[in-house]
2 protein chains.
Amino acid sequence: MKSEIITIGDEILIGQIVDTNSAWIAEQFNRNGIEIYQITSVHDDKKHILEALKKAEEKTDLVILTGGLGPTKDDITKKVLCEYFNTKLVFHEPTFEHIKQRFKNRNIDLNKLNRNQALVPESCTVIPNSAGTAPGMWFEKNDTIFVSVPGVPFEMKNLVENEILPRLENNGKTKAIYHKTVLTQGLPESMLAQKIEKWEDALPENVKLAYLPNPTAVRLRLSAIGKEKTMLKKQVESEIEKLQKIIPDNIFGYDTDTLAGVIGNLLKEKGKTLSVAESCTGGYISHLITSVSGSSSYFKGAITAYSNEIKEEILEVKPKTLQENGAVSEQVAREMVLGVKGKMNADYAISTTGIAGPEGGTTGKPVGTVWIAVAGQSEVIAQKYVFGDNRERNIIRSSQTALQMLRRLILKEL
Amino acid sequence: MKSEIITIGDEILIGQIVDTNSAWIAEQFNRNGIEIYQITSVHDDKKHILEALKKAEEKTDLVILTGGLGPTKDDITKKVLCEYFNTKLVFHEPTFEHIKQRFKNRNIDLNKLNRNQALVPESCTVIPNSAGTAPGMWFEKNDTIFVSVPGVPFEMKNLVENEILPRLENNGKTKAIYHKTVLTQGLPESMLAQKIEKWEDALPENVKLAYLPNPTAVRLRLSAIGKEKTMLKKQVESEIEKLQKIIPDNIFGYDTDTLAGVIGNLLKEKGKTLSVAESCTGGYISHLITSVSGSSSYFKGAITAYSNEIKEEILEVKPKTLQENGAVSEQVAREMVLGVKGKMNADYAISTTGIAGPEGGTTGKPVGTVWIAVAGQSEVIAQKYVFGDNRERNIIRSSQTALQMLRRLILKEL
C-alpha cells in the first residue's frame, strides 16, 4: 500500500515548527507495511490543497491529511474536503455531544466556534477523537482512502494508533515490512561501502540497503518488503549475520542504540566502573555517559582538566611530562588516563587531550590533533587522531572515537 | 519570491529522521523575504524526483533540493539533475582539489567513490562546500533558480547561509531585511509579553516582533523589512534601546550569543577564572563552557562527581554532610562549590546536585529536584529548583539555570 502525507498549515512553511508529525506517521506506517510515497506540506490555501489531493489520489492508495481542523478562521480543511468530495457540511450530533462533555469536564462554556467543530462533510465516516474536540474523517474515492486528522500531535497519534491503523488492518490493506539499522563506527562511509560491496550486491531483491551517515557513525538500514513479517525478519537477520563477519569490529549496535548506552550495558553486566579525564572534549564524554539513565551505577565521575595546573594537581600528570612533550601528546594522555583511573578507583578510564580549535594549532600539531587514551584492567592504549577545523565537530568526533576505543578494550578484556 | 523545498532520500519517508533541514531553511528564507510555497519529501527515485522538479518549476521561482549527494550508490540526485537540465557529468578539478585536501588533512586515503564526488553537471555553477566534500550546485531554467545542497545539516546550513542567500541578495532576488534577536532570561513568555506590551504596540509598521521561546531562554526577534539595509538596522537598534530600558536585567545577549559565551567575555574582561562541580548535570555545564572558543583562558576545569565517594575524596564534601542531608541538598551544593573553587584555585565556581531521573526520586525529593550553588569572591548563593521528569530536559535546564545564576553573581560583584 502506497501513501502520501499532506500537512496543512503555515507553521511548518515558515519554519516556526518542525514537522515531527510526518516523521511519526511515516514510522508507524512503515512498520505496518504502508510505504510513504511522498510527504507534502502546503499552506491553508483552498486551491493548493485541492491540487495536492488530486496529485496524491493519482499516485497513492491512502492519503493522510494533518492539520487545519482547529476552530479558528484560517482552518479550512473541512470546507476544502467538501468541495473535493462534492458534499456539504452537516451537523454531527455524536461529535457535538462529545465536545459538550469535554467542555463540561473542564468547566468551560461552549461558544459558536466550538459548535462548528461538530460540522462534518456528509459523505465521510466520522472517526471519534477521544483526545480532543475535532473528529477524524475517513473518505473513499476511486480506490483511494483519504483520512483527515487534527495536527495536534497527541490527538493525531491517538487517532492513527487506535483508529486508523486498526481500520486499515481490518480492511486487509497493509503489506509486511521489516527494518533494522546497523550502527557502525571507525570506517568512513566510502571505505565502508568498498568493504561491504560484495555483500551489498548479493542482497536479495526485496531487501534494500541505505547509508545514513552522521558525524559520529555510519548507519546501515536494511529494509525487507514481502508478505510475511517473521520471514522478512529472518531474512534481514541472516544478512546482518553475514555482515558481522565482514566488519566485526565496526558494528556497535542496532536501531536506537547509542555508544554510551552500549558501553553502559557492558559495564553493568560485568560489574565494572568507569572514570574520565577530559581536556579538549571539555566534559562532553562525561555528558554522553551521564545522559544514559542508570549510569550512576557504573560511572564514578570525570575531571575536565582544561589547564595544565589541574592536569598536574588533580590528575597527577608530571610537570616534566608536560614540559617535555606538551599537553597534546601521547605521554600526557597516558598519564591522564592512569591518573583519573587511580584517583577514582575505577576499572576503566578514558582520557583526551587535543586542540579543538579554531585557535591553538601549530605546524607540528594542527587544529584537530587529538590524543586519546583508554585504560583497562591490564592495558593502556593511546592513539593519535587528526580531525578537522570545526571546534564543535572535533569535540563530538573525539568523544565518540574515545567511546569506541573504550568499547573495543572492554570487549577484548572480557 | 516563491520557493519550494524538495528533500530527497528515504530516511524522512520511513520516519527514521525528522526533517529539521526544511524547518531551518524555511525559517531562513522567510526571514529573507522568500515565501515557501511547498515542502516536498520524495524517495531516491529518478522518475519521482523529475516529476517533483517539474511541478516545482511551474509554481515557484526558487527550488532548493537537499540530500542525495553522498558518495554511495543510493545517492542519485546528480544524475537526475543531469537528465532534467539535459547536461552531463564532468570532472570538476577545483572540487577534486578541495576533496583531496580534506582527506589529506585527516590522513585518509581517497578512493574512487570520493573521486566521483568531484563529478558535477556541466551546466551548473558549482558552489564550494567548505564544510564537506559534496559541492552545492546552482542551475537556472525559465526564470526558476534550482539549488542542490547536501542533506548533512551543518553542510547544508553553511552553504545556505554563506553562499546561497548572499548570491540571491546580490542578484537582487530578495528584499532588504534586517533581523536582530534579543535574548532574555528570567521571565516566562507570558510575563515578558505583559511587561513589554506598550513597547510592542508602538513598534513601526514595518518592524515585526516574534517570540521564540526555548527551554532555556525567551528570544525576541525583531525583523524590519524595507528598501535600505542601513536604515532598517538603525530602526531596529533604536527599538532595542527602548526595550533595554524596560527590561535591563533580563537581556543577556543578542542573536547567536550564548550564556556561556557571555559569561566568558565577562570573565575575560575582568581577568577572572571559573571552575565547576557537577553531579546531576554530569559534565554538561563543563561542555557548554568549553564549547566557547578561547575558554581555556578563563576556565580551569570541572569535576563530574557522580558518586558520593568522588564528592568526598575530590571535592572534600564532608561524609557527615552527605549522611545528614543526602547528596541532593543545599549543604552538599555549598560544600561542592567551595570544594571545587578551592581545589582549582578559581575566582568563581558552580555546583549542581539533583535527581535527573527518570529513576531515583522520593516523596520528599521528586525527580527534577536540583540544588544549584554559585560562589564568587565574597558570596555563595544556593537555590533549589524543581524541574520536570524528563532526564534530558532536566540536565539542560539545570545547566542553563546555573549559568544564569553565575552571570548575575558576576555582574553583582563587578
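Predicted model: local features only at pLDDT ≥ 70, side-chain atom pairs only at ≥ 80, totals over all residues.

A: Strands β7(A) and β8(A) pair in the antiparallel sense, over five bridges.

In general, the strands of a sheet pair through backbone hydrogen bonds, and the pairing may be parallel or antiparallel.

The domain assignment places residues 2-170 of chain A in domain 1, residues 176-254 in domain 2 and residues 259-413 in domain 3. The centres of domain 1 and domain 2 of chain A, taken over C-alpha atoms, are separated by 36 Å.

Two further antiparallel pairings of chain A involve strand β11 (residues 217-226). Strand β9 (residues 176-184) of chain A is joined to β11(A) by nine bridges, with A:A176 opposite A:G226. Strand β10(A) is joined to β11(A) by eight bridges, and in this pairing A:N214 has A:A217 as its bridge partner.

The next topic is the contact between the chains. Chain A and chain B contribute 58 residues each to it. On the side of chain A, the elements that give two or more residues include α1 (10-13), α2 (20-31), β2 (35-42), β10 (207-214) and α16 (391-413). Strand β14(A) gives the most to this side, with seven residues. By class, the residues of chain A that touch chain B divide into 28 nonpolar, 22 polar and eight charged.

Strand pairing also runs from one chain to the other. Strand β2(A) pairs with strand β2 (residues 35-42) of chain B in the antiparallel sense, over five bridges. In that pairing, the partner of A:S41 in β2(B) is B:I39.

An open sheet of 10 strands, with mixed pairing, is drawn from both chains in the order β17(A)-β16(A)-β15(A)-β13(A)-β14(A)-β14(B)-β13(B)-β15(B)-β16(B)-β17(B). Its edge strands are β17 (380-386) of chain A and β17 (380-386) of chain B, each of which pairs on one side only. Direction ignored, neighbouring strands of the sheet are turned against each other by 10 degrees on average. Within chain B, strand β13 (residues 274-278) and strand β14 (residues 299-305) run parallel and are joined by five bridges. The bridge partner of B:L274 in β14(B) is B:F299. Helix α16 (residues 391-413) of chain B packs on the sheet and touches β15 (348-354), β16 (369-375) and β17 of chain B. The direction of α16(B) makes about 25 degrees with that of β16(B).

Helix α2 (residues 20-31) of chain B and helix α7 (residues 153-170) of chain B pack at an angle of about 20 degrees, with 11 Å between their axes. That angle makes α2(B) roughly parallel to α7(B). The crossing of α2(B) and α7(B) is right-handed. Residues in this contact include B:W24 and B:I25 of α2(B) and B:M156 and B:V160 of α7(B). By class, the contact has six nonpolar, three polar and one charged residues.

Helix α3 (residues 46-59) of chain B and helix α4 (residues 77-84) of chain B cross at roughly 55 degrees, and their axes come within 10 Å. Helices α3(B) and α4(B) are therefore oblique to each other, and their crossing is right-handed. The contact is made by B:K46, B:I49, B:L50 and B:L53 of α3(B) with B:V80, B:E83 and B:Y84 of α4(B). These residues divide into five nonpolar, no polar and two charged.

Definitions and conventions: Residues numbered from 1 in each chain as written. Chains lettered and ligands numbered in written order. Axes fitted to C-alpha atoms, helices over the stretch in contact; angles between N-to-C directions. Helix = DSSP H or I, 4+ residues; strand = E, 2+ residues; numbered from the N terminus. Parallel < 35°, antiparallel > 145°, perpendicular 65-115°, else oblique. Left-handed = near helix turned anticlockwise from the far one by under 90°. Contact = placed C-beta atoms within 7 Å. Nonpolar A, V, L, I, M, F, W, Y, C, P; charged D, E, K, R; others polar. Domains from an automatic or database assignment. Pairing = 2+ DSSP bridges.
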